[in-house]
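Hi everyone, thanks for making time.

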Amino acid sequence: LAAPAATPMAVSVVTVEPRLIARKIIATGTLIAREEVLVVAQVAGVPILDVKADVGDRVDEGQSLAILDGQRIELLLAQKAADVGRSEAALAQAAALLSEAETVLDEARVGIQRAMDLRAKGAISEQTLEQKQTALAAAEARVEGQEQAWSGANADLLRIMAERDELLWQREQLTVRASVGGVISERNAKVGQTSGADGTPLFRIIKEGEVEMEALVLETSLP
């Protein structure tokens with residue numbers, strides 16, 4: 001008799017592909033900011049007028065967080081504007097006096113040359129030539145003095161303008177803004193508080209709101 005036919009074996013075929021194998025590990029830890037940014041006032045010694053953000057708020061880069069009192073800076077700017085005007089007037093006067101002294105010096109140089117020619121011909125006395133030489137020396141000294149006066153007036157104007165520019169920069173910093181986008185994790189700013197009094201940052205921002213966990217895991221729990 002013929003042997004009975006073998007029963008075919010069922011076979012399943014799948015395509016090999018990489019897959020993630022999930023494994024849970026239970027751990028206790030602390031959530032911390034991946035990157036925390038401190039926000040401090042660039043202008044110290046100024047009262048805070050308004051606070052516009054609080055803990056938990058999501059803020060954008062450049063968003064207003066607090067407003068500082070600008071009254072003192074505005075007063076100083078008004079004074080500097082007056083100082084600039086006076087310094088510009090003083091510089092203009094010094095420039096005019098210098099121009100006048102240079103004109104006198106040019107005339108003295110022409111006069112001394114003419115006097116030397118006339119003296120060589122015997123047309124004027126030695127005393128007259130000496131007077132022309134004295135006038136030339138005086139004109140040169142006057143120009144030197146006026147140049148120093150102009151330099152001093154110009155330096156004063158530049159100094160006052162630099163002080164004014166610093167005040168203008170401070171006025172721009174009266175609005176405390178978020179340097180990055182993220183979530184406010186700490187607010188120390190309070191209305192009436194003086195900015196920068198103790199060096200404490202006004203706000204702390206978790207950059208982009210990204211946090212991570214610090215945890216202790218038993219070695220036996222690791223794969």
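Before I point at anything, a quick word on labels: a helix here is a DSSP run of H or I with at least four residues, and helices are numbered from the N terminus. Also, keep in mind that this is a predicted model.

With that in place, look at Glu 102, which sits in helix α1. How exposed is Glu 102? Its relative accessible area is 36%, so it's partly exposed. Which one gives the largest share? That's α1, with three residues.

How many does a search of the whole structure find? The count is 16. I'll show you three of them.

Here's one: the side chains of Glu 100 and Arg 142 meet, with 3.0 Å from N to O. Glu 100 belongs to helix α1 and Arg 142 to helix α2, so this pair ties together parts that are 42 residues apart in sequence. Both ends are partly exposed: Glu 100 has 41% relative accessibility, and Arg 142 has 32%.

Now slide along α2. Glu 163 makes a salt bridge with Arg 159, and their closest N and O atoms are 3.4 Å apart. Here both partners lie in helix α2, four residues apart, which is about one turn of the helix. On accessibility, Glu 163 comes out at 29%, so it counts as partly exposed. Arg 159, at 42%, is partly exposed too.

The side chains of Lys 207 and Glu 35 meet in a salt bridge, at 3.9 Å from N to O. Why might you stop at this pair? Lys 207 is in strand β8, while Glu 35 is in the loop between β1 (28–33) and β2 (36–39), so the pair ties together parts that are 172 residues apart in sequence. Lys 207 is partly exposed at 30% relative accessibility, and Glu 35 is partly exposed at 42%.

There's another surface feature to see while we're among strands. Leu 31, Val 211 and Met 213 make a nonpolar surface patch of about 310 Å². Of those residues, Val 211 lies in strand β9, residues 211–216. Its relative accessible area is 42%, so Val 211 counts as partly exposed.

Last stop: Ser 195. Where is it? You'll find Ser 195 in the loop between β7 (182–187) and β8 (203–207). Now, is Ser 195 buried or exposed? It's buried, because its relative accessibility is 0%, and the cut-off for buried is under 20%. So what does Ser 195 touch? Leaving aside residues up to four places away in sequence, it touches Ala 41, Val 43, Ala 44, Gly 45, Val 46 and Leu 68.

Conventions. Residues are numbered from 1 along each chain as its sequence is written. This is a predicted model: local features need pLDDT of at least 70, side-chain atom pairs count only at pLDDT 80 or more; totals for chains, interfaces and linings use all residues. Side-chain values use heavy atoms; hydrogens and water are left out. Helices (H or I, at least four residues) and strands (E, at least two) are DSSP runs, numbered from the N terminus. Buried means under 20% relative accessible area, exposed over 50%, partly exposed in between (1.4 Å probe, protein chains only). Contact means heavy atoms within 4.5 Å. Patches are made of residues with over 30% relative accessible area and no salt bridge: like charges are joined within 9 Å, nonpolar side chains (Val, Leu, Ile, Met, Phe, Trp, Tyr) within 5 Å. Accessible areas come from the Shrake-Rupley method with a 1.4 Å probe; for residues, only the protein chains shown count as cover. A salt bridge is a side-chain nitrogen of Lys or Arg within 4 Å of a carboxyl oxygen of Asp or Glu.
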